[in-house]
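Thanks, everyone. Please have the sequence and the structure open side by side. I will walk through a few places and then stop.

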Amino acid sequence: MRVPPPRPAPDGALDRHPHPDPLPEGEGEEIRRSDAAQAAWLLTPGAVRTRAHEILALAEQDRAPHFTYRPERLPPTVDYVLATIRANYPDLAIPFHSRWRHFGVGGVDRWGALAQDLAGESPAEIARIRFDLAVTSVLLDAGAGAAWRYREAGGGFYARSEGLGVASFHLFRAGLFSADPHRKLRAEAAALRRLDEAALEAGMQVTAANPLVGIAGRAALLRRLGEALAAQPALFGAAGRIGNLFDHLAGQAVAGRLEASSILAALLRGFGTIWPGRHDMAGIALGDTWRHGDVLVPFHKLSQWLAYSLIEPLEAAGIAVTAIDGLTGLAEYRNGGLFLDLGVIVPRDAGLAHRVLAVDDEAVVEWRALTVALLDRVADGVRAALGMDAQSLPLAKVLEGGTWAAGRRIAAETRPGGPPPLAIASDGTVF
């Protein structure tokens, strides 16, 4: 099975911090340049993959501090994922793992239902609207907790990611994120900056009897999003509209083609300031990046899922997205739970499953890193079994087909209600 070779960090350092002054003449500027290069590297999917495989290499040497690795359990896990794919997509016509799948849960084509509202709009404007919807919906998607449900008018009840997808779709359609009451299908800085937590709670049907994990964090995240939009007119226009990012990416396409990593780079640049209280280097916010020992390990889970979710709007507007496997697997609890529940990785501390863990707990960071690396290996095994390659079955389809669904399936088979195997105290901005 293929394992991407380790890529050294710029200047060979795993983690650098500015030195205290005074420094020899010229050295301070050199260190600042080095730190800026290191920060830029940590904001790439290549860094996510490299760091993840470095930690997997430690586990293979039985040197990972929190988990042991049982390679003999990997083939049965590939078989379990294959069975899930064949059950869900017997024709192997697997879509991308993206937010758009959740807008169609329950057999309802919610995006298609907007056709009348979109009549007369240009393909570019429709793409902008899809960007507006996808970004706000993904940023509202961090884990809902086991108790929350959303009841759709005239429909059923939905929980977890599906419920958050349906709820956020209806919030968007109602114009909660638009600054223009006559053009509701937008997401703009003015509306997001003043977003009221109570309005978000009401729209998502949150009550004492229907609690949603991290609702305050979600509202604060969207307000910070509004600030970021307003601060970057080069990306988002004078109105600070999310959808204007489509025009920026369309301008980067060469002969109608755009690499997936360019989508992530634009997202990390545009939204880097919205993430709360995390690491920064050389004044650059590092987003979903956490410490494991002396090393900073990036994941950019929500940003990468958002990048996957923007592929379809771009392609519908005539821009072919290439090198999709330049992005990585998603370090979240369904993919990660798959490897724990099927015994590919085993906690060294048997009590880990009985504690509520912080997002920055080193054990959580290690679990997430092992998840990213092992997803690459599962994808290789799935492709080999199906006689497909990375072009015909990119990782984004293996996730959808796939590992995410298999992680949910094994959780339901293992624990009543299907919660993840480890409990994480989320603020609504990571999982």
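Start with A265, in helix α12. This is a predicted model, so keep that in mind throughout. Buried or exposed, or something in between, for A265? Its relative accessibility is 43%. That falls between the 20% and 50% cut-offs, so A265 counts as partly exposed. Now look across to S303. A265 and S303 are 38 residues apart in sequence. In space, their C-alpha atoms are 9.3 Å apart.

Helix α11 runs over residues 244-252. Which of its residues are buried? L245, F246 and L249 are. They sit on the same side of α11, because they cover an arc of only 105° around the axis.

I263 matters for the next picture, the core. The largest nonpolar core has 133 residues. Which residues have the most contacts inside it? They are M204, L225 and I263. Which helix gives the most to this core? That is α15, residues 362-386, with 14 residues. As general background, nonpolar side chains tend to be buried together in soluble globular proteins.

Next, helix pairs. Two packed helices are described by the angle between their axes and the distance between the axes.

First pair, α5 and α13. Their axes come within 10 Å and cross at roughly 160°. That angle makes α5 roughly antiparallel to α13. The crossing is right-handed. Who meets whom? From α5, the residues are A127, R130, F131, A134, V135 and V138. From α13, they are L302, W305, L306, S309, L310, E312, P313, L314 and A316. Note L310 and L314 in that list.

Helix α14 covers residues 333-341. Here the axes are 8 Å apart and the angle is about 55°. The two helices are therefore oblique to each other. This crossing is left-handed. On the α14 side, the contact is made by R334, N335, L338 and D341. On the α16 side, it is made by L399, T403, W404, A406, G407, R408, I410, A411 and T414.

Zoom in on A411, in α16. Buried or exposed? Its relative accessibility is 1%, so A411 counts as buried. A411 touches R334, D341, G418 and P419, not counting residues up to four places away in sequence. L338 is 73 residues away along the chain. Yet the C-alpha atoms of A411 and L338 are separated by 7.7 Å.

The bond from G401 to G402 is cis. Its omega is near -15°.

Now backbone angles elsewhere. Two residues deserve a look.

A282 has a positive phi of about 55°, although it is not a glycine. Where does A282 lie? It lies in the loop between β5 (280-281) and β6 (284-285). Its relative accessibility is 40%, so A282 counts as partly exposed.

H300 also has a positive phi, near 50°, and it is a residue other than glycine. H300 is found in the loop between β8 (295-298) and α13. Buried or exposed? H300 is buried, with a relative accessible area of 2%.

Last stop, S168. It is found in helix α6, residues 160-173. With a relative accessible area of 1%, S168 is buried. What does S168 touch, not counting residues up to four places away in sequence? The partners are R99, F103, S137, L140 and F177.

That is the tour. Questions, please.

Methods: Residues are numbered from 1 along each chain as its sequence is written. This is a predicted model: local features need pLDDT of at least 70, side-chain atom pairs count only at pLDDT 80 or more; totals for chains, interfaces and linings use all residues. Side-chain values use heavy atoms; hydrogens and water are left out. A nonpolar core is a set of buried Ala, Val, Leu, Ile, Met, Phe, Trp, Tyr and Cys residues joined through side-chain atoms within 4.5 Å. Buried means under 20% relative accessible area, exposed over 50%, partly exposed in between (1.4 Å probe, protein chains only). Helices (H or I, at least four residues) and strands (E, at least two) are DSSP runs, numbered from the N terminus. The arc is that of the directions from the helix axis to the C-beta atoms. Axes are lines fitted to C-alpha atoms, for helices over the stretch in contact, and angles run from 0 to 180 degrees between N-to-C directions. Angles under 35 degrees count as roughly parallel, over 145 as roughly antiparallel, 65 to 115 as roughly perpendicular and the rest as oblique. A crossing is left-handed if the near helix is turned anticlockwise from the far one by less than a right angle, and right-handed if clockwise. Contact means heavy atoms within 4.5 Å.
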